[in-house]
Amino acid sequence: MAKAAESSGEPGTTSPRPLMRDLKAVGKKFMHVLYPRKSNTLLRDWDLWGPLILCVTLALMLQRSSVDSEKDGGPQFAEVFVIVWFGAVTITLNSKLLGGNISFFQSLCVLGYCILPLTVAMLVCRLVLLAEQGPINFMVRLFVVIVMFTWSIVASTAFLADSQPPNRKALAIYPVFLFYFVISWMILTFTPQ
């Protein structure tokens, strides 16, 4: 009887179904960012799990390991976390003040999920940094960061542009450009200890 209740998903039982459902939803949203097209799915079914996972992953990859407690000049976990979330909140408030018809959490969801290309760029840059430093190394990292920066802008614009009045789209997209530029700059200037 316990197995029947467990597999049925009744309240009070443990079932992996809600977790799998959420992971599938996050995966579908990642696919929307990887293949940006005008779709309301990311806006309609918003969540903050994917952005949280991406933000934590990016902050951990940008974290520099230092043996002692001295400041090593690189961004710390909390700094990256605050920059990402404060930037997303600022852009969302700007969008609302410009008359956008998108909710606060929908905007946070889109901006957070569109960090995926930059997180991939950080992963590639970390792998490239395993090789010896030099001008070729920097050019490869620069190319990867520029491509992923552009991808983030295109993906977020595909979702956010239609939520703004036509005469204010540039005013809404410019802060998005700056937001992803700052994150891209942190990725490009990252050097391990």
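How many helices and how many strands does the secondary structure of the protein chain come to? The count is nine helices and zero strands. Helices here are DSSP runs of H or I with at least four residues, strands are runs of E with at least two, and both are numbered from the N terminus. Read from the N terminus, the order of elements is α-α-α-α-α-α-α-α-α.

Some ground rules. This is a predicted model, in which local features need pLDDT of at least 70 and side-chain atom pairs count only at pLDDT 80 or more, while totals for chains, interfaces and linings use all residues. Residues are numbered from 1 along each chain as its sequence is written, and side-chain values use heavy atoms, with hydrogens and water left out.

Now burial. The protein chain has 193 residues, and 41% of them count as buried. Buried means under 20% relative accessible area, exposed means over 50%, and partly exposed is in between, with a 1.4 Å probe and protein chains only.

Take Val33, which lies in helix H2, residues 17–34. Is Val33 buried or exposed? Val33 counts as buried because its relative accessibility is 0%.

Val80 sits in helix H5, residues 77–97. Val80 has a relative accessible area of 1%, so this residue is buried too.

For contrast, look at Leu130, in the loop between H7 and helix H8 (135–160). Leu130 is exposed, because its relative accessible area is 71%. The C-alpha atoms of Leu130 and Pro192 are separated by 9.1 Å, and these residues are 62 apart along the chain.

Next, helix packing. Two packed helices are described by the angle between their axes and the distance between the axes. Axes are lines fitted to C-alpha atoms, for helices over the stretch in contact, and angles run from 0 to 180 degrees between N-to-C directions. Angles under 35 degrees count as roughly parallel, over 145 as roughly antiparallel, 65 to 115 as roughly perpendicular, and the rest as oblique. A crossing is left-handed if the near helix is turned anticlockwise from the far one by less than a right angle, and right-handed if clockwise.

Helix H4 (residues 49–62) packs with helix H6 (residues 104–113) at an angle of about 40 degrees, the axes being 8 Å apart. H4 is therefore oblique to H6, and H4 passes H6 in a left-handed crossing.

H4 also packs with helix H7 (residues 116–128), at about 25 degrees and with the axes 10 Å apart. That makes H4 roughly parallel to H7. The crossing of H4 and H7 is left-handed.

As for H5 and H6, their axes come within 9 Å and cross at roughly 130 degrees. H5 is therefore oblique to H6, and this crossing is right-handed.

Last, the surface. Which residues form a nonpolar patch there? They are Ile83, Tyr174, Phe177, Leu178, Phe181, Val182 and Trp185, with about 660 Å² of accessible area together. Patches are made of residues with over 30% relative accessible area and no salt bridge, with like charges joined within 9 Å and nonpolar side chains (Val, Leu, Ile, Met, Phe, Trp, Tyr) within 5 Å. A salt bridge is a side-chain nitrogen of Lys or Arg within 4 Å of a carboxyl oxygen of Asp or Glu. Accessible areas come from the Shrake-Rupley method with a 1.4 Å probe, and for residues only the protein chains shown count as cover.

Helix H9, residues 169–188, gives the most to the patch, with six residues. Phe177 is found in H9, and Phe177 is partly exposed because its relative accessible area is 35%.
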